[in-house]
Amino acid sequence: MPSSKVSIDQMASAIMESLQDYADTAADEMKEAVKDAGKTVKKEIQANAPVETGAYKKSWTVKTVRETSQSLELVVHSKNRYQLAHLLEHGHALRNGGRDCVLFFQCAASGAVHG
């Protein structure tokens with residue numbers, strides 16, 4: 001903000017203008033940080049996703065749920081492989097008892113069979 005003289009009558013509007021400029025800048029920077037976080041989450045999921053054909057890994061996307069002048073909500077989801085996500089993350093029950101895990105780190109933590 002350039003240095004200029006402001007009369008007492010105009011001081012409130014000058015302060016409000018400066019605060020609004022700051023709020024707009026902060027909101028824009030926050031939105032960029034949220035977008036960067038969404039991209040990072042997507043890349044981490046893709047890096048850790050099991051690869052058989054690559055379709056599951058490639059199916060992850062970042063979608064804007066809601067955006068206002070002051071906020072941004074994103075969701076990271078699998079576009080067409082959403083039915084597999086919970087099975088790959090948590091495994092599935094076996095006929096003879098126990099659980100089958102696809103993701104190795106979760107199998108090691110739970111002691112389940114890696115399939």
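Analyst: Happy to! First, a definition: helices here are DSSP runs of H or I with at least four residues, and they are numbered from the N terminus. Also keep in mind that this is a predicted model.

User: Thanks! So where does aspartate 24 lie?

Analyst: Aspartate 24 is part of helix α1, which covers residues 8–48.

User: Which residues form the negative surface patch?

Analyst: Asp24 is one of them, together with Glu17, Asp21, Asp28 and Glu29.

User: How accessible are glutamate 67 and lysine 31?

Analyst: Glutamate 67 is partly exposed at 46% relative accessibility. Lysine 31 has a relative accessible area of 10%, so it counts as buried.

User: What about lysine 35, which residue does its side chain meet in a salt bridge?

Analyst: That would be glutamate 32, at 4.0 Å from N to O. Both residues sit in helix α1, three residues apart, which is about one turn of the helix. Lysine 35 is partly exposed at 34%, and glutamate 32 is partly exposed too, at 43%.

User: And which residue does glutamate 73 pair with?

Analyst: Glutamate 73 forms a salt bridge with arginine 66, and their closest N and O atoms are 3.4 Å apart. Glutamate 73 is partly exposed, with 34% relative accessibility. Arginine 66 is partly exposed as well, with a relative accessible area of 47%.

User: Last one! Where is serine 78 found?

Analyst: Serine 78 is in strand β2, which runs over residues 72–78.

User: Why does serine 78 count as buried?

Analyst: Its relative accessibility is 5%, and buried means under 20%, so serine 78 gets that label.

User: Which side chain is in polar contact with the side chain of serine 78?

Analyst: The side chain of serine 59, and the polar contact between the two is 2.7 Å.

Conventions:
Residues numbered from 1 in each chain as written. Predicted model: local features only at pLDDT ≥ 70, side-chain atom pairs only at ≥ 80, totals over all residues. Heavy atoms only, no water. Patch = residues over 30% accessible without salt bridge, like charges linked within 9 Å, V, L, I, M, F, W, Y side chains within 5 Å. Areas by Shrake-Rupley, 256 points an atom, 1.4 Å probe, with all protein chains shown as cover. Lys, Arg positive; Asp, Glu negative; His and termini not counted. Charge placed at Lys NZ, Arg CZ, Asp CG, Glu CD. Helix = DSSP H or I, 4+ residues; strand = E, 2+ residues; numbered from the N terminus. Buried < 20%, exposed > 50% of the residue type's maximum accessible area, 1.4 Å probe, protein only. Polar contact = N/O pair within 3.5 Å; in protein donor to acceptor, adjacent residues only side chain to side chain.
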